[in-house]
Amino acid sequence: MKIRSIADLDRIKEEGLGLLYPNRTKIVVGTATCGLAAGAGEVLEAFRRAAGEGGLDAVVEESGCIGFCQMEPLVTVHRPGTPKIVYHAMTPKKAEALCRELREGRLSSAGALGEIRCETALLTGEERRFAANGGGGAGAALPDFDDLPFYRKQLKIALRNCGYIDPEDIRHYIARGGYYTLRAVLAERTPDEIIDEITKSGLRGRGGGGFPTGRKWRSCRNAPGARRYVICNADEGDPGAFMDRSLLEGDPHGMLEGMIIGAFAIGSDRGYIYVRNEYPQAVKKLMRALEECRAYGLLGADIMGSGVSFDVTINRGGGAFVCGESTALMASIEGKVGEPRAKYIHTVEQGLHNLPTCLNNVETWANVPVVMHKGAAWFASIGTEGSKGTKVFSLVGDVKHSGLIEVPMGISIREVLYDIGGGIEEGHRFKAVQTGGPSGGTILVDEKGATVRTSTPSEDGAPLGFVPESLLDLPVDFDSLTEAGSMMGSGGMIVMDEKNCMVDIARYYISFLCEESCGRCLPCREGLRQMAAILDRITSGRGEHGDIELLEELGAVVMDTSLCALGGTAANPPLSTIRYFRDEYEAHIYDKKCPAGVCKALIRFVIDPAACTGCGACRAACPVGAVKEGAALPAPVEGDPAAPRKARLLHEIEQAACIKCGACADACKFNAVRKE
Amino acid sequence: MATRTAREPAVDLAPAEGLINAYVESREATIALLQDVQKLYGYLPRPVLDLIARRLDLPRTQLYGLATFYKAFSLVPRGRHCITVCTGTTCHVKGAPHLLATLERELGCRCGETTKDGRFTLERVNCVGACARAPIVVIDEKPHGRLSPAKVIKTIERYE
């Protein structure tokens, strides 16, 4: 049925609320990619079996990612009249046990992260309180889920529905206030009013550039052309970033509603979503969302009876990183090889098929319905002077709690790392945070860690994609970071402790970019190849005096003489690591040592005879049989209960056979395997 | 993108005809067409590329350009199962290189190649976006997280 009025929306909303909060037990399994990687598929099957042939009276549903990827598979169990209980690290076995309990009418708190006591839909403001604990809840007192340290400082705008709704059922989205904004905008606002509202809100592009969204829309609307296009950039190529994937897998309609509003404001009847082919789940959810939108009259001709027409096509990327760049992306949509072009003519004037094109990233589009519904003033009240609203980050690496987070602009990196992320694993030391992917969020600092203001790598400061400890109090917002010579990046935050070798990381990024360079500009194509060769040399112990200087010189040339941002920022990883971790480069080149113990050619594993108990765990773990038994250990002490019963043999590693995988060190319980 | 020549089995062009007919309207969709062909045949067979070039009136070099620019395409037949090791930054620091080396050793083929028995093709990808579960290996679209060299060997045993 087609939605044409508020009454239609109300009817679907009622239906949706009935689905969100049914009168019987509801079990929701998070089946986004991170959940599936942890085994959510098998867990879902187990619950379905219990509810099917097992005869358990319960609804079993899927949802997107609620953010705490570390704890996946996450399962929410909601019995009417009690708080929702969130269980982590679910397995099919645990699922069966849980279903047994449910049949007996109780629910244990074992394996529960916390309970959701109250749910508020951001757009409707409707609050749903569940009876306090004790009302037939989990027995033992559970912490309030929203008050867990991981969630306490978060504010969810773009992620408002992720993990709370079934992304494949539009009624769930409408139940939380979805598509009301679209209806209001189409019926009551002119395109100019919409653009004004977006401009006033201070919303800026979330893909990394931070360009004011309202201004982009205005330029596109005013540009002459027979047709206008809107594009959603979901080609999230930065390794270590998964904001867009999670948004599309958890709440595709949130992005779509923003895109339809944008199309109306800009005057476009044709949209494209360019999504990475490596995200099959996101593609599937998007296809379903488009189908539903067409069925409900939210896409196609005469949307909601307004006379406005707009439709969207999904384009799957071909696995080329450079296609995240707007002009390369448009070339790829045109069916060509994804090579960027010079941007002296902006894409808002001449983009796709040389017609005015407005491209925004997934997160930007997902913010639009909220800005339009709550108003520019509300949105502008969050964040800092120049950066309004929130930003989604993927917080990963050597941090205790990793996952997807959304925080108000202006929060410090330290708060993100320590309050939300729980800090570094016990026994390890913070080394750096890498932001902005291979292009590296470029923060300029001098030797003492104070920020300086220059952006040319050859002068005082070097671009930095690695935030060292001294800069952790920097607030996360466009302007502070720009003032410090940096940029926000798309939202990947990779935390690294002392186990990470900065030379190896630089080598990693350069070989990544070397492969991904489209080959159009010679300095990028050949320069990166040379830099990769030099870094390979250094990490394999063949580094020479002068290599560091050569890297710096080459890096400056590549950055100065490449057309697009891929080449223009490509040298950031080596330049910034040289700047801040020069001693590590020197250790590799002059001492032939890798201080972090990562570069295989420069380390060897040895067994400390004083600590070895001869247990044989390392020998069993070695994939190539390089661990051999050696001399006999001293005979066990008579009467010592901890001593082994029979004499054991000391173990040794045959260096010629060793492939330096570290399996022996991981297997050893006595810390007898040492890296040298 | 693998380009190494290998014995190509005989190719049935009938299903490709159907795909091409669906796309003949729009030049824009060439990449989507190639993706569908790749999905159908597991790679881009040369006779099919020739057919597309004729039917869409495109130079063959243009198709070859697309097929070799985008990593999703392969010009040689692939194994029954595709093992994709994620080598995103997080997976890299959490041990993806060890997983890749283990798989290369265990399968007896290099990354980008197919095992002699045609059971597996080994590939890598720059990030599947499930970094909190690093290191990840995707087998036939199913992601497996937090793998160790020992676990990955056990995991691939399940695929015949």
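Predicted model: local features only at pLDDT ≥ 70, side-chain atom pairs only at ≥ 80, totals over all residues.

Me: Which elements make up chain B, and in what order do they run?

Reply: Helices (H or I, at least four residues) and strands (E, at least two) are DSSP runs, numbered from the N terminus. Chain B has 7 helices and 4 strands, and from the N terminus on they go α-α-α-α-β-α-α-β-β-β-α. The C-alpha atoms of the chain fill a box of roughly 50 × 30 × 25 Å along the principal axes.

Me: How much of chain B is buried?

Reply: A residue is buried if 20 or more other C-beta atoms, placed from the backbone, lie within 10 Å of its own, exposed if 12 or fewer, and partly exposed in between. In chain B, 44% of the 160 residues are buried.

Me: How do the strands of chain B line up in the sheet?

Reply: Strands of a sheet pair through backbone hydrogen bonds, either parallel or antiparallel. Here two strands count as paired if DSSP finds at least two bridges between them. In chain B, 4 strands form an open sheet in the order S2-S1-S3-S4, with mixed pairing. S2 (120-125) and S4 of chain B are at the edges with a single partner strand each, so one side of each has no neighbour in the sheet. From one strand to the next the twist averages 25°; angles run from 0 to 180 degrees between N-to-C directions, and axes are lines fitted to C-alpha atoms, for helices over the stretch in contact.

Me: Which sense does the pairing of S3(B) with S4(B) have?

Reply: Strand S3 (residues 137-139) of chain B pairs with S4(B) in the antiparallel sense over 3 bridges. To find the spot, look for Ile139(B), which stands opposite Lys142(B) in S4(B).

Me: What packs on that sheet?

Reply: H6(B) does, touching S1 (81-86), S2 and S3 of chain B, and its direction makes about 150° with that of S1(B). Touching, or being in contact, is about C-beta atoms placed from the backbone that lie within 7 Å. The buried residues of H6(B) are Ala96(B), His98(B), Leu99(B), Leu100(B), Thr102(B), Leu103(B) and Leu107(B). Their cover includes S1, H5, S2, S3 and helix H7 (149-157) of chain B.

Me: How many residues does each chain give to the contact between A and B?

Reply: Chain B gives 38 residues and chain A gives 44. On the chain B side, H2 (30-41), H4 (60-69), H5 (89-93), H6 (96-107) and S4 (142-144) of chain B each supply two or more residues. That side has 19 nonpolar, 13 polar and 6 charged residues. For these classes, Ala, Val, Leu, Ile, Met, Phe, Trp, Tyr, Cys and Pro count as nonpolar, Asp, Glu, Lys and Arg as charged, and the others, Gly among them, as polar.

Me: At what angle do H11(A) and H14(A) pack?

Reply: Angles under 35 degrees count as roughly parallel, over 145 as roughly antiparallel, 65 to 115 as roughly perpendicular and the rest as oblique. H11 (residues 252-266) and H14 (residues 362-374) of chain A pack at about 75°, with axes 7 Å apart, so they are roughly perpendicular to each other. Their contact has 9 nonpolar, 4 polar and 1 charged residues.

Me: And how does H9(A) sit against H11(A)?

Reply: H9 (residues 213-222) of chain A packs on H11(A) at about 45°, the axes being 9 Å apart, which makes H9(A) oblique to H11(A). Trp217(A), Cys220(A) and Arg221(A) of H9(A) meet Gly262(A), Ala265(A) and Ile266(A) of H11(A).

Me: Where in chain A is there a hairpin?

Reply: S12(A) and S13(A) form one, with 5 residues between them. S12 (residues 390-397) of chain A pairs with S13(A) in the antiparallel sense over 6 bridges, and Val392(A) stands opposite Glu406(A). In S13 (residues 403-408) of chain A, 5 of the 6 residues are buried, so the strand is largely enclosed by the rest of the structure.

Methods:
Residues numbered from 1 in each chain as written. Chains lettered and ligands numbered in written order. Contact = placed C-beta atoms within 7 Å.
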